[in-house]
Amino acid sequence: MEIIAVYYIIINAAAFVIYGADKFFAKKSMRRVPEKTLLGLALLGGAFGAFAGMYIFRHKTKHLNFKILVPAFAVLHILIIAFLANGGEIPDWVLEGAL
């Protein structure tokens with residue numbers, strides 16, 4: 001479980017930094033980070049860092065794709081973490097909430 005925690009820390013830190021860098025690049029009219037890359041980081045587990053970067057740097061907050069997908073990816077990863085923390089079984093609170 002420790003390696004998973006380290007993975008999530010690294011991917012979220014990377015997402016946060018890359019969202020900040022892309023905002024900087026936008027202000028300086030420099031070459032940008034593709035939106036697919038930004039969303040891909042969120043999908044791969046960096047949704048919390050991406051979400052923080054969106055609102056701290058005020059970046060991509062008006063784009064509907066980002067407003068919907070980044071929080072959805074965060075929920076997905078909460079469920080994945082809960083599944084892994086529960087020994088590979090779906091936690092009861094997930095099943096109760098689904099009914």
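Me: Contact means heavy atoms within 4.5 Å. With residues up to four places away in sequence not counted, which residues does Ala82 touch?

Reply: First, some ground rules: this is a predicted model in which local features need pLDDT of at least 70 and side-chain atom pairs count only at pLDDT 80 or more, while totals for chains, interfaces and linings use all residues. Residues are numbered from 1 along each chain as its sequence is written, and side-chain values use heavy atoms, with hydrogens and water left out. Ala82 has its place in helix 3 (residues 64–85). Once residues up to four places away in sequence are set aside, the ones Ala82 touches are Pro91 and Trp93.

Me: What distance separates the C-alpha atoms of Ala82 and Trp93?

Reply: Ala82 is buried, since its relative accessible area is 14% (buried means under 20%, exposed over 50% and partly exposed in between, with a 1.4 Å probe and protein chains only). Trp93 is eleven residues from Ala82 along the chain. From C-alpha to C-alpha, the separation of Ala82 and Trp93 is 9.7 Å.

Me: Let's zoom out. In what order do the elements of the protein chain run from the N terminus on?

Reply: The protein chain has four helices and zero strands (both are DSSP runs numbered from the N terminus: helices are H or I with at least four residues, strands E with at least two). Its C-alpha trace spans about 50 × 30 × 20 Å along the principal axes. Starting at the N terminus, the elements read α-α-α-α.

Me: How do the residues of the contact of helix 1 with helix 2 divide?

Reply: Helix 1 (residues 2–27) packs against helix 2 (residues 35–56) at about 55°, and their axes are 7 Å apart (axes are lines fitted to C-alpha atoms, for helices over the stretch in contact, with angles from 0 to 180 degrees between N-to-C directions). That angle makes helix 1 oblique to helix 2 (under 35 degrees is roughly parallel, over 145 roughly antiparallel, 65 to 115 roughly perpendicular and the rest oblique). By class (Ala, Val, Leu, Ile, Met, Phe, Trp, Tyr, Cys and Pro are nonpolar, Asp, Glu, Lys and Arg charged, and the others, Gly among them, polar), the residues of this contact come to 17 nonpolar, five polar and one charged.

Me: And helix 2 with helix 3: how many nonpolar, polar and charged residues does that contact have?

Reply: Helix 2 and helix 3 pack at about 80°, with axes 8 Å apart. The two are therefore roughly perpendicular to each other. Residues making the contact include Leu38, Phe48 and Phe51 of helix 2, along with Phe66, Phe73 and His77 of helix 3. Sorted by class, the contact has 18 nonpolar, three polar and two charged residues.

Me: How far apart in space are Gly40 and Phe73, C-alpha to C-alpha?

Reply: Gly40 has its place in helix 2. At 23% relative accessibility, Gly40 is partly exposed. Phe73 lies 33 residues away from Gly40 in sequence, and in space the C-alpha to C-alpha distance is 9.9 Å.

Me: What angle lies between the planes of Phe24 and Phe25?

Reply: The structure holds five aromatic pairs, and one of them is Tyr7 with Tyr8, edge-to-face at 5.6 Å centre to centre and 75° between the planes (rings of Phe, Tyr and Trp, its six-membered ring, pair if their centres lie within 6.5 Å; planes under 30 degrees apart are stacked, over 60 edge-to-face and the rest tilted). Tyr7 is partly exposed at 40% relative accessibility, whereas Tyr8 is buried at 12%. Phe24 and Phe25 are also an edge-to-face pair, because their ring centres are 6.2 Å apart and the angle between their planes is 65°.

Me: Is Lys60 buried or exposed?

Reply: Lys60 is in the loop between helix 2 and helix 3, and has a positive phi of about 70° although it is not a glycine. Arg58 is found in the loop between helix 2 and helix 3, with phi near 50°, and is exposed at 68% relative accessible area. Lys60 has a relative accessibility of 10%, so it counts as buried.
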